[in-house]
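Good morning, and thank you for the time on the agenda.

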Amino acid sequence: MHWIDGPATAGVGVDSAKQNLASTFVNAFVNVGFGQDKLMTFPSESSSDNSSYGWIFKNKEYGKASAAASLGMILLWDIDSGLARIDKCLHSDDNQIVAGALLGVGIVTCGIKNDCEPEFQALSLLLEFTNNSDTTIRIGAIMGLGIAYAGSRKEELGMSLVQILVDTATPLDVLAFTAISLGLVYVGSCNEEFAQSIISALRKNSEEELNGSLICPMQENKLQELNMQADKEYIKATAEVFDTFNYIIKNFCRVTLLSLAFAGTGDVNKILELQRCIKQEIERNELYQGPAVLGIALIAMGEELGLDMAIRAFEHFLQYGEENIRRAVPLALGLLCISNPKVNVIDTLSRLSHDPNGEVSMAAIISLGLIGAGTNNAQIAGLLRNLSSYYYKDPQHVFCPRMLLTVDENLEPITVHVRVGKAVDVVGQAGQPRTITGFKTYTTPMILAAGDRAELATEKWMGLVGQFRPKKLISSIKSEITGGDELELLSLKDIAKHFLDKSLYSLGLCTQVSPGPNSSLYFTTEAHGDKKGHRSKLMFYHKLPYHDVTLEAAWPELFIDGKGTYWDVPASVSLDLQSLVSDSGLRYRFGLHKNGGYPQPLNGTCDNVPLALMPGFFAKAAFSYERTMDLWRQKEKKSDIIVENKKGKFLWTSYDMRMREPHAAISGILGGTCVALLGGNGELNNGSPLNAKQRYPFTADLFGSACFTYQHGKFRKRYKDLTRIDARLDICSALAFMRGATNLISGASETSAKKEVNPLASPRLNLIFQQQVFGPIIARVDSRLSFNDPSGKHIPYVEDNVYSLSVSLKMLDSGKILAWYSPKRKEAMVELRLYEF
């Protein structure tokens with residue numbers, strides 16, 4: 001954390017507890033999702049003196065709860081280690097710390113949706129504390145549930161919260177926060193059953209209790225649950241229910257209902273109705289006048305003319321209104337002009353930021369940040385810097401930090417990379433000097449510390465890659481030593497001569513730019529020391545809502561045929577439109593492709609040029625349809641991933657999320673391709689033929705695959721918890737397969753043996769066996785079998801065997817480091833693979 005340069009706060013009599021609480025909030029927002037900070041997670045949790053959570057005990061009462069809950073912000077969405085680290089606070093003897101930890105559990109798991117359903121961890125942990133005898137702990141658990149499942153409309157959770165509402169022994173403060181959580185879980189659902197439960201909870205309280213401040217959250221969240229972005233037909237029925245309450249609650253609910261139902265519509269009649277509510281009761285200082293002011297801003301924010309009218313009305317409210325009205329006006333101005341720094345609004349908020357009423361001044365400071373968000377407005381920036389120095393003695397105003405948000409052209413929130421560092425004054429300097437120093441790269445949204453400045457991190461990058469071939473160097477030295485008449489050591493000069501061989505080296509340059517948020521332009525070029533010229537490729541990629549478009553040009557382009565021979569095509573240009581993966585299993589692809597020049601084998605000589613590489617202009621299309629069916633599957637349950645021991649409950653997930661369920665399944669793929677020759681006659685410029693094979697103007701073919709998978713174990717225990725077998729039968733070409741089958745049936749084996757064997761005619765069987773060795777380590781064998789051996793006989797033939805060991809990386813969900821070796825090819829490699837099994 002960094003504070004603005006200015007007078008020191010030491011020795012000015014500031015309440016240290018409030019100052020520490022402010023530091024907790026700022027630290028949580030600055031380091032949200034970062035996983036570590038210098039208050040809560042430093043030093044490491046492994047320290048024996050438990051100093052890692054020492055900051056919690058520098059706070060008092062609710063400050064302890066806030067500090068413990070801030071762990072949820074810092075460890076946001078880190079469900080693997082985050083829950084385990086917060087779990088330490090759950091065993092504290094201080095109820096405030098336990099309540100904050102429960103709230104932190106909800107923050108860590110909020111909005112997470114994946115196959116593993118880690119929110120089960122939050123549900124099982126938090127429900128256990130909702131009936132605790134301590135009110136603070138109950139509230140922490142209930143609010144944690146509301147945050148963790150916000151918008152999920154989870155029926156099981158809704159019924160549990162309703163049970164708390166209908167319990168006559170439930171205290172009023174617990175009722176209020178239960179209503180808030182229920183509103184968060186069912187926001188915008190118009191669920192009348194749960195709304196009725198909140199109404200019943202309101203009715204069972206006395207008149208004196210209903211006039212308390214805790215009732216307002218219950219009313220607002222009942223309205224939020226019913227009416228936010230809901231149809232207007234619910235307004236009348238809901239308003240009739242509110243008429244059964246007393247005067248204060250009835251009017252408060254009516255105003256809030258009207259504001260939410262017509263938010264963003266610019267309805268002038270509703271704005272005038274809210275103005276009348278304020279003016280008619282301006283002498284009575286009613287509770288609902290503040291929400292009415294905010295309601296005007298909500299309704300008018302969607303229309304320019306109504307916005308100007310509302311600003312003029314707010315000036316009158318500031319002049320003649322009571323304190324409860326004046327407190328709401330700065331926030332209303334901020335809502336009206338988000339990222340729209342109007343000069344008259346800036347002047348008004350600047351004046352209100354020095355108001356004698358502390359609540360008015362703090363609201364004005366926050367609103368200055370709202371209207372200047374993303375605009376880099378120099379006037380607002382200067383005002384905020386001056387205000388931070390002006391209020392350095394007031395701990396209440398320390399709670400106004402600065403937040404950086406980024407939006408697209410439609411004002412939709414987007415995530416971008418920004419560089420944040422100390423601001424540098426560049427006024428009057430020549431050229432384009434850096435405006436920040438000591439920067440770090442973050443992802444928005446984020447909190448900017450006082451005195452910091454942010455710049456967009458460009459998506460442009462450039463890389464330089466060099467390659468050295470030690471195997472070739474060793475081979476050349478070895479051949480020279482063994483090639484002589486007598487075995488003698490080489491001199492230093494002879495060895496240096498080998499190092500100067502240009503064929504040992506290659507150099508590559510690559511770069512990428514992003515013309516737009518959905519487009520990328522990539523260019524690469526490489527040169528090899530022993531060859532003239534260089535190999536270059538230019539690719540443009542654009543993402544559509546349901547398709548990807550790729551334009552690619554290469555000179556020369558490198559291809560590999562079915563026999564493993566590499567070919568250089570002098571020029572190749574292609575344009576492809578490819579569909580995204582759909583739930584139906586259907587995918588398709590269309591493209592145009594042009595080859596230019598005569599293909600050359602990369603190493604050696606070969607006269608049999610593949611037809612697909614010959615010069616010409618082609619139109620191509622392909623489709624595939626995939627279906628999978630489980631013969632049986634043992635679904636993962638929440639009891640499988642939650643383990644309880646003496647230290648408490650913790651999450652114990654599989655080493656690989658894609659291998660967590662024992663099952664047996666079958667799957668199949670059926671697809672087809674077609675190619676049309678639009679131009680090119682298969683001849684060189686001098687008229688000589690390129691290939692003896694016949695070249696058809698149109699070709700089409702089908703392919704298919706069938707797979708069986710069996711897995712035993714959940715890959716969760718340290719050993720004997722995974723055995724997996726995969727078998728896949730591939731038919732690469734239906735036409736070649738039928739020709740081969742016809743020849744076999746017709747007894748043409750003698751003549752076919754003399755002919756060239758078509759590698760596509762034979763089905764291929766791929767077998768994979770995996771066995772857990774210990775923990776995340778798996779031994780694996782891959783075998784590929786063909787039913788045509790190289791001599792042309794129709795007998796099973798092992799084309800390749802690959803032996804490997806892999807280590808699954810739980811942090812990547814389904815990633816692994818794999819080392820493999822192929823005896824036949826005499827190749828070995830260590831790879832990082834993602835989402836592969």
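Predicted model: local features only at pLDDT ≥ 70, side-chain atom pairs only at ≥ 80, totals over all residues.

Residues are numbered from 1 along each chain as its sequence is written, and side-chain values use heavy atoms, with hydrogens and water left out.

Let me start with the whole protein. Its secondary structure comprises 25 helices and 26 strands; these are DSSP runs numbered from the N terminus, with helices being H or I of at least four residues and strands being E of at least two. Of the 837 residues, 40% are buried. Here buried means under 20% relative accessible area, exposed means over 50%, and partly exposed lies in between, with a 1.4 Å probe and protein chains only. Among contacts with a separation of 6 or more, 62% are between residues 24 or more positions apart, a contact being heavy atoms within 4.5 Å. The protein exposes about 45,800 Å², and carbon and sulfur atoms supply 58% of that area. Accessible areas come from the Shrake-Rupley method with a 1.4 Å probe, and for residues only the protein chains shown count as cover.

Helix α6, residues 135–148, has 14 residues and reaches 20 Å from its first C-alpha to its last, close to the 20 Å expected. The expected span is 1.5 Å times one less than the number of residues. Eleven of the 14 residues of α6 are buried, so the helix is largely enclosed by the rest of the structure. Among these buried residues are I137, R138, I139 and G140.

Helix α15, residues 289–300, has twelve residues that should span 16 Å; the end C-alpha atoms are 17 Å apart, which agrees. How many residues of α15 are buried? Nine of the twelve are, and the helix is mostly covered. They include Q289, G290, A292 and V293.

Next, the strands. In general, strands of a sheet pair through backbone hydrogen bonds, either parallel or antiparallel. Two strands are taken to pair if DSSP finds at least two bridges between them. Strand β9, residues 535–543, pairs with β10 in the antiparallel sense over eight bridges, and the two form a hairpin with three residues between them. In this pairing, H542 has V549 of β10 as its bridge partner.

W555 and P556 are joined by a cis peptide bond, with omega at about -10 degrees. For context, most residues other than glycine have a negative phi, and most peptide bonds are trans.

β11 belongs to an open sheet of three strands in the order β11-β12-β15, with antiparallel pairing. Its edge strands are β11 (557–560) and β15 (600–601), each pairing on one side only. Four bridges join β11 to β12, residues 566–569, and F559 stands opposite W567 in β12.

Which strands each supply at least two residues of the nonpolar patch? They are β22 (764–774), β24 (797–809) and β26 (827–834). β26 gives the most, with three residues. The patch includes Y719, V773, F774 and L834, and its members together have about 1,200 Å² of accessible area. Patches are made of residues with over 30% relative accessible area and no salt bridge; like charges are joined within 9 Å, and nonpolar side chains (Val, Leu, Ile, Met, Phe, Trp, Tyr) within 5 Å. A salt bridge is a side-chain nitrogen of Lys or Arg within 4 Å of a carboxyl oxygen of Asp or Glu.

K720 lies between β20 (698–712) and β21 (723–731), has a positive phi near 55 degrees, and is exposed at 71% relative accessibility. K826, in the loop between β25 (815–822) and β26, has a phi near 55 degrees, also positive, and is exposed at 69%. P796 sits in the loop between β23 (777–786) and β24 and is exposed at 60%. Leaving aside neighbours within four places in sequence, P796 is in contact with S786 and F787.

Thank you for your attention.
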